Amino acid sequence: MQALQDKKILLGISGGIASYKSAILARRLIDAGAEVRVVMTTGAQAFITPLTFQALTGNPVHTELLDTAAEAAMGHIELARWADIIVIAPASANLIARLSHGFADDLLTTLVLASDAPLLLAPAMNRLMWSNAATQENTRTLIARGVTLLGPDEGAQACGETGAGRMLEPEDIRDLVVQFANNEMLSQVAIPVEADNHVPGTPSDTPANQQPTGVKTALRNSLAGLHIVITAGPTVEPIDPVRFITNRSSGKMGFALADAAHRKQAKVTLIAGPVTLETPTGVTRIDVDTAKAMHTAALKAVEGADVFISVAAVADYRVENVAEEKIKKNDDNMTLTLVRNPDILASISALPDRPFCVGFAAETQHVEKYARGKLKKKNLDIIAANQVGQSDNPVFGSDTNSLDVYWPADGHRRIASATKKQVAAELLDIIAERLANR
Ligand SMILES: Cc1cc2nc3c(=O)[nH]c(=O)nc-3n(C[C@H](O)[C@H](O)[C@H](O)COP(=O)(O)O)c2cc1C
């Protein structure tokens, strides 16, 4: 059976440059088994013609409200009743404003008011239009009424700027509609807009606890729109120009998490120690070597981030005095003085505006006791623990893993042994659930 078999989807299209992608979206929804009918605003028709959608869907495209012929064919009430789900992509700033105020001044807005079908909006607009206090307020109002947001994404925009406001790709929207249709939706999460999204002239001087909030969604199995920072791999601590201290971490678990988080529509920054792994598609990678360099990079990357996952095996100690020249072999013994490295996870979880913090604990014994101790001591939201040092579960360098995931007060879930890719996807599902419950 297809993922959207027998689902009746009313695809609304408003006037934005991203409306050209809606043709592909219509196609993807039909490919997934849905019956699709398209309603276009007057604005949308300036960007793409109804004929395109008529040809793609095999159904007439609806554009007029006050038209006797259109009303006699399939009237607005009939269309409103027909729909199982209403998806509007792109949802322009103007349409979001009209919907939030309950306007019924064209066919699409009237249909939304006249239908009790769930409404999914994929906003698409210039980054300043999106971060504008008016759009943010309108979007929050819609979410409070039960509307689900799909995106928006961040990145390069048609106007030449870069930032939040891009429409999600058609395939991503299709996947989220499938998840929604399968009742996998979790609650909406409101997250503070990033500082650089403030628009001159909007109320940016309000006290911190009254800052306008940007609106993003968390769906089960989806982390759409969230910024996740992940550290991975080992660190290396130099002794002299040719020697260093390191550990056995391969970076595979952290890279698998970065890949899985990107597939779940998160924006991902991966801070990697020296490993030979390829950067997962769509992930921003920052290469570092020492624990101090990772600490600096991580503190910068988590500014405005939603989730921090510390998977890296960070060296606890570094050599106090790194020799400038290669150390010569003179005596039978040599002594290195080691000093403590900064604790990256503890520094981030102590930030006043901290992201949701996830730690990893590799223990050789008393796994639950030590993991829960670290969870509490470092004030974490989740800790993922595994037992290391057993011959049947090498963990380091392996392509498989199993985890015991703990959270306060007594939360626990076991992720059974599977590929690191599968384990990563399961761990992210738990993170999405915990985030939504926070
Ligand atoms: C070239 C061009 C591109 C535009 N792109 C967008 C856009 O991406 N998002 C948006 O919200 N508005 C965009 N607009 C403005 C909308 O088209 C305008 O607000 C219109 O009234 C929207 O009407 P509708 O929401 O009823 O379809 C654009 C306008 C022009 C001229």
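What share of the 438 residues of the chain counts as buried? The share is 45%, where a residue is called buried if 20 or more other C-beta atoms lie within 10 Å of its own, exposed if 12 or fewer, and partly exposed in between, with C-beta atoms placed from the backbone. The structure is a predicted model, in which local features need pLDDT of at least 70, side-chain atom pairs count only at pLDDT 80 or more, and totals for chains, interfaces and linings use all residues. Residues are numbered from 1 along each chain as its sequence is written.

The chain has 15 helices and 21 strands, taken as DSSP runs and numbered from the N terminus, with helices being H or I of at least four residues and strands being E of at least two. Of the contacts in the chain with a separation of 6 or more, 69% are accounted for by residues 24 or more positions apart; two residues are in contact if their C-beta atoms, placed from the backbone, lie within 7 Å.

Two packed helices are described by the angle between their axes and the distance between the axes. The axes of helix 1 (residues 19–31) and helix 3 (residues 50–57) come within 10 Å and cross at roughly 15 degrees; such axes are lines fitted to C-alpha atoms, for helices over the stretch in contact, and the angles run from 0 to 180 degrees between N-to-C directions. Helix 1 and helix 3 are therefore roughly parallel to each other, given that angles under 35 degrees count as roughly parallel, over 145 as roughly antiparallel, 65 to 115 as roughly perpendicular and the rest as oblique. On the side of helix 1 the contact involves Ala23, Ala26, Arg27 and Ile30, which meet Thr52, Phe53, Leu56 and Thr57 in helix 3. The residues of this contact of helix 1 with helix 3 divide into 5 nonpolar, 2 polar and 1 charged, where Ala, Val, Leu, Ile, Met, Phe, Trp, Tyr, Cys and Pro count as nonpolar, Asp, Glu, Lys and Arg as charged, and the others, Gly among them, as polar.

Helix 1 also packs with helix 10: their axes come within 9 Å and cross at roughly 40 degrees, which makes helix 1 oblique to helix 10. This crossing, too, is right-handed, and the residues that make the contact are Lys21, Ile24, Leu25, Arg28 and Leu29 of helix 1 and Pro170, Glu171, Ile173, Arg174 and Val177 of helix 10. Here the residues divide into 6 nonpolar, no polar and 4 charged. Glu169 is found in the loop between strand 7 (162–166) and helix 10 (170–181), and because 16 other C-beta atoms lie within 10 Å, Glu169 is partly exposed. Glu169 and Asp153 are 16 residues apart in sequence and 8.6 Å apart in space, C-alpha to C-alpha.

The surroundings of the ligand come next. The ligand is surrounded by 15 residues, the closest being Gly15, Gly16, Thr41, Gly43 and Ser92, where a residue is near a molecule if its C-beta atom, placed from the backbone, lies within 6 Å of it. Helix 2 (42–45) and helix 6 (93–100) are the elements that give two or more residues to this shell, and helix 6 supplies the largest share, 3 residues. By class, the shell holds 8 nonpolar, 7 polar and no charged residues.

In helix 7 (residues 107–114), Leu107, Leu108, Thr109, Leu111 and Val112 are buried. Their cover includes strand 1 (8–13), strand 2 (35–40), helix 5 (76–82), strand 3 (85–91), helix 6 and strand 4 (119–123).

Some backbone details remain. Most residues other than glycine have a negative phi, and most peptide bonds are trans. A cis peptide bond joins Gly151 and Pro152, with omega about 5 degrees, and Pro152 is found in the loop between strand 5 (148–149) and strand 6 (153–156). Another cis peptide bond joins Pro408 and Ala409, with omega about -10 degrees. Asp6, in the segment before strand 1, has a positive phi near 65 degrees and counts as exposed because it has 10 C-beta neighbours inside 10 Å.

Methods: Left-handed = near helix turned anticlockwise from the far one by under 90°.
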